[in-house]
Amino acid sequence: KVRDCPRTPSQPPPDPALLEMLRRFDLSWEYGPCTGITRLQRWERAQELGLSPPGPIRDALLEHQDNPDVTYRWVWSGMGA
């Protein structure tokens, strides 16, 4: 299950392809743990450590920085359920 996130009425849901790209980033352990930080913080930490995180991830996070569905990694319970 994906945790529900409040969204302002003017804020459309993110594109499913974008969410899939972010999900893959979330599940890529090569960029370090993601607990307790935003996706952008994780991306920046990986960059500082020389781990070469994907540029399109950063671009998407900056473009949608006011959308919590994009900014934060949500915990999926029962992966694949």
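1. Surface. The model is predicted. The protein chain has an accessible surface of about 5500 Å², and carbon and sulfur atoms account for 55% of that surface. Of the 81 residues in the chain, 32% are buried.

2. Secondary structure and contacts. The protein chain contains four helices and zero strands, in the order α-α-α-α from the N terminus.

3. Buried side of helix α1. Helix α1 spans residues 16-26, and its buried residues are Leu 18, Leu 22, Phe 25 and Asp 26. Viewed down the axis of α1, these buried residues fall within an arc of 100°, so they line one face of the helix. The cover over the buried residues of α1 includes α2 (39-48), α3 (55-63) and α4 (68-71).

4. Exposed side of helix α1. Which exposed residues does the face of α1 turned away from its buried side carry? They are Pro 16, Ala 17 and Arg 24.

5. Backbone at Ser 52. Ser 52 is located in the loop between α2 and α3. Its phi is near 50°, a positive value in a residue other than glycine. The relative accessible area of Ser 52 is 56%; exposed means over 50%, so Ser 52 counts as exposed.

Methods. Residues are numbered from 1 along each chain as its sequence is written. This is a predicted model: local features need pLDDT of at least 70, side-chain atom pairs count only at pLDDT 80 or more; totals for chains, interfaces and linings use all residues. Side-chain values use heavy atoms; hydrogens and water are left out. Buried means under 20% relative accessible area, exposed over 50%, partly exposed in between (1.4 Å probe, protein chains only). Helices (H or I, at least four residues) and strands (E, at least two) are DSSP runs, numbered from the N terminus. The arc is that of the directions from the helix axis to the C-beta atoms. Contact means heavy atoms within 4.5 Å. Accessible areas come from the Shrake-Rupley method with a 1.4 Å probe; for residues, only the protein chains shown count as cover.
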